[in-house]
Every structure is written in C-alpha cells, then in structure tokens.
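I wanted to look up a few packing details here and jot them down as I went.

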Amino acid sequence: MKTLLEVSRLKKYYPILGGVFKKPVGDVRAVDGVNLKIYRGECLGLVGESGCGKTTLGKTILRLLEPTFGHIYFDVPQKVKNNISQIETSNNSPPQQLSKLTRKYDLAVFKKGQLKSIRRRMQIVFQDPSASLNPRMLIKNIVGEPLQVHRLVGAGDLRNKVLSLLYRVGLTEDHLFRYPHEFSGGQRQRIAIARALATNPDFIILDEPTSALDVSVQAQILNLLQELQRDFSLTYLFITHHLLVVEHISDRVAVMYLGKIVEMASTEELFTHTLHPYTQALISAIPLPDPTAQKKRIILKGEVPSPINPPSGCRFNPRCSYADKICRQIEPPLKDVGGGHYVACHKAEKLN
C-alpha cells in the first residue's frame, strides 16, 4: 500500500511561563515524538482517553498548530524521505542541502503560500458543528467559501457546485439560504462535511464527528462517511474515544496515551489480539448489548499523569499491573511484533 501521510518524531509542546518576567519554566507535552503512517484509501482510527493528545496531533498534522519538532510528509516519495533521514544522521552533509529538501517536502516548515496550496488536498471536520460553522453566514456561502478561496470555480458555476455538494450529503436546494442555527445537529455536521469536500481533497481528518450527535444520527453520519470514502477515494484519520465506532469504520487503529502511540494494528487484529495493557483496559470498558452477560472489567488504578511531568520509562507504568523495574527506567520503543502489529511495551511478548 502507498503511504499518503507520514509523521516522524512529531512533537507539540505548549510552554509554561512563570515568574515576574514570564520566562519558560516547563512544557506541556501534548504530542511527544509520534511516528505514524496513513496509507492511501484507508481509514485509520485514533483512540485514547480525553486529554491524551489526539486532537492536538490532528491539528498539528494540518498545521493548524505549529509543530515543536518533527517532520510531516504528505504524498512525498519514499526516496525523498530516506534522503532527508540520511542527511540528518550524516555529519558530512551541508545544512543547506537539508534545508532545501525540507522547505520543499516537509509540511512542518511550509510557508503561507505552500500551506494554502496543500490545504486543497487536506481538510478537517470538527467535533462540534455549532462552533465550526459561522453563525452569520448562509449555507451557500459556508460551503462555497473554500471554492472561492482556492479559485476552483467561476462565479457563474458556484451555485451549481454548492448545490451538488449539498445533494451529495443528503441536503437540498431549500437549505441554501438558511443559517446554521436553523438546522439540527446532524444536518449541521452534513454541512461541515460538504464544506470539507468542496476542494476535492485526498485526506480528511475527522475529529470526533459523531460524538455530539444522537445515536441514530451517528449511524447515518458514519454510513455517509463510508459512502463518501468509497465514491471519492478518500483517506481518513478518524479521531474518537468510542471504540465501537472505530471497530465499525476503521481499517487500522492507533491507540494514544499521554502524547504517544502505544499500540497500532489492523482493526481485527487489535480487537482480537490486544497486547498493550492500556488497550486491554479500553476494550474491557466497551459495554455489552446484553444486560445479563458477564464481562470482566479491567479497572485502571490511579489517575492519568500530567503531561507537564510525565513519568520516566513507560508512561503507562504508574497504572500498569505488569510494570516492574525496567518499565520505570527505560521507555519502550514502538516496535513491530509481526504482521504490522506495533506495540510499545516491555511485557508485550509475555502478554502475547
């Protein structure tokens, strides 16, 4: 499979200012060294507890937030990425050579003109459509704005293009001259999806697009997203904390904890052959539809550590029942344990 998007050692820190002169005294490590590949045409689910850095990672990938460190490659040949990596590890390569390559291929250092061009191909659907849609704009202007900004259609064709997008997401011509507050939550999310489709993107980040909706409406939106992915050959990063939704829509799943990816595998593999203790706890919390069924629940001890001062070694070790000395001293790398199943855990082989 061809890689469409890859992030390498990506970090996003928020500085903490203290003292009379507001000098940096620490950092909130929201995203801390993430390596991730998303293949063309797939849906990668990103799950984890609230506050683990999922949304921050998505916004940093799109450069809605400035990365602190790392690389973001979008549709870049593997040869170029290997070349950049070799230059970084070499002591003899001139810095001008690295700078030239990153300015051309690394989204993390793109300037305004480059960002505007690449954002035609990368879009996002936010969690709350009430907050992401301008309440003072008509729907025809909300959906049509990306087309005008990127000059994709002429003034004479704008209305027809907007109308075709609304039809595609299940809305009609009657909705053109209404404001967002006149719609239900599900309809507003359909408008947000139509806006994301306007530039004919290759990649869309879906930031908990169904969490603010009723259950019946959630199913409609999920089915719509799957239809659009199939019809437009889209690639998704689906951010959520709802594991049943991930199991339904995703091809692969990445589990995030305290700014790091701790496990990643195909959806079927992750749910049937879970290796990381944190992922096991998440899956054990999925409710069963049968109220009489008995299920063993894994209750994690303690609280999620602060991203300001994360624990040494494995970040999950204060809450892990399998943790020992090595877990508290050495941070486990995210390694392939076979079949594209990646896990960051010293005890993975014993739990296998």
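This is a predicted model: local features need pLDDT of at least 70, side-chain atom pairs count only at pLDDT 80 or more; totals for chains, interfaces and linings use all residues.

I then ran a search over the whole structure, and it gave four aromatic pairs. One of them is Tyr257 with Phe316: the ring centres are 5.2 Å apart and the planes stand at 90°, so I logged the pair as edge-to-face. The partners come from distant parts of the chain, 59 residues apart. Tyr257 belongs to strand E8 (residues 252-257), while Phe316 is in the loop between H12 and helix H13 (325-329). I checked burial too, and both Tyr257 and Phe316 are buried.

**Helix H12**

How many of the eight residues of helix H12 (residues 277-284) are buried? Eight of the eight, so the helix is largely enclosed by the rest of the structure.

**A lysine over a ring**

I also found Lys12 over the face of Tyr14, 5.0 Å from the ring centre.

**H6 against H7**

Next I looked up helix H6 (residues 139-149) and helix H7 (residues 155-168), whose axes come within 9 Å and cross at roughly 110°. I therefore put H6 and H7 down as roughly perpendicular to each other. Their crossing is right-handed. For the contacts, I wrote down Ile139, Lys140, Val143, Gly144, Leu147 and Gln148 from H6, which meet Leu158, Lys161, Val162, Leu165 and Leu166 from H7.

Technical notes. Residues are numbered from 1 along each chain as its sequence is written. Side-chain values use heavy atoms; hydrogens and water are left out. Buried means under 20% relative accessible area, exposed over 50%, partly exposed in between (1.4 Å probe, protein chains only). Helices (H or I, at least four residues) and strands (E, at least two) are DSSP runs, numbered from the N terminus. Rings of Phe, Tyr and Trp (its six-membered ring) pair if their centres lie within 6.5 Å; planes under 30 degrees apart count as stacked, over 60 as edge-to-face and the rest as tilted. A charge sits over a ring if NZ of Lys or CZ of Arg is within 6 Å of the ring centre and within 35 degrees of the ring normal. Axes are lines fitted to C-alpha atoms, for helices over the stretch in contact, and angles run from 0 to 180 degrees between N-to-C directions. Angles under 35 degrees count as roughly parallel, over 145 as roughly antiparallel, 65 to 115 as roughly perpendicular and the rest as oblique. A crossing is left-handed if the near helix is turned anticlockwise from the far one by less than a right angle, and right-handed if clockwise. Contact means heavy atoms within 4.5 Å.
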